[in-house]
Amino acid sequence: MSRRKGSKQLILEFFLSKIGKVVESREIQAASGGAVEWARRVRELRNEEGYQILSHKDRADLKPNQYLLETDRRLPAFKRNISKETRAWVLERNGYTCQMCGAAAGDIDPFVPNRTVRLTMGHIVDKSKGGDDSPNNLRAVCMSCNEGLANTGLPKPDRIHLLAQVRRATIDDQRALLDWLLKKFGSKNTVDNQ
Ligand SMILES: [Zn+2]
């Protein structure tokens, strides 16, 4: 028991000393004092204690053996009950995109330029109004929207205005959009060689 507590505490201290830096699994294991179950301890810090330790499941730019603690702020307890499976399902359903402002995980945060977009679970019907933690009442929301930095959820753009915006954008931005669309819809073959 004391050994278990010890390795979790060591891992936490390691993450807190590396806030904002990508760390690899072997570093975490070394910091834990060589604990065999270091990955379980990381999950406990995340799911039970609310430390927002990100992995490749949260951020496409992280490799499977990489982790990142961006802040020492812990999620409030009510957000921790949502299972990993539910979270993954909701993120997948929402295309890893904030359902309020449209920012995608890993993008530069439109509201806080020096951080990247991190998605969290938002409730469609607020808990205070009787909403629950079921997948159908959850949606992907970025930290900025979650913190109320974006005051209003933008309405979804209609097609005419969206296309007009794209035509007005710079070539670089249009190319970035094309890259994103190709990534989202797959095969490059259909649009190559035009
Ligand atoms: Zn957002």
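## The largest pocket and its helices

Helix α7 (171–185) contributes eight residues to the lining of the largest pocket, the most of any element. Helix α6 (159–168) also supplies at least two residues. Helices here are DSSP runs of H or I with at least four residues, numbered from the N terminus. This is a predicted model, in which local features need pLDDT of at least 70 and side-chain atom pairs count only at pLDDT 80 or more, while totals for chains, interfaces and linings use all residues. Residues are numbered from 1 along each chain as its sequence is written, and side-chain values use heavy atoms, with hydrogens and water left out.

A pocket is an open set of points on a 1 Å grid over the protein atoms alone, where a 1.4 Å probe fits, with protein on both sides within 12 Å along at least five of seven lines; lining residues have an atom within 4 Å of a point.

## Space and lining

The largest pocket holds about 1,600 Å³ of space, a volume being what is filled by probe spheres set on the points, which are joined across faces, edges and corners. Its lining has 40 residues, with Thr97, Gly102, Ala104, Asp107 and Trp180 nearest the centre. By class, 20 are nonpolar, nine polar and 11 charged. Nonpolar covers Ala, Val, Leu, Ile, Met, Phe, Trp, Tyr, Cys and Pro; charged covers Asp, Glu, Lys and Arg; the others, Gly among them, are polar.

## The second largest pocket

Next comes a pocket of about 320 Å³. Among its 17 lining residues, Arg43, Arg46, Ser55, Lys57 and Lys84 lie nearest the centre. Helix α3 (38–47) gives the largest share of this lining, five residues.
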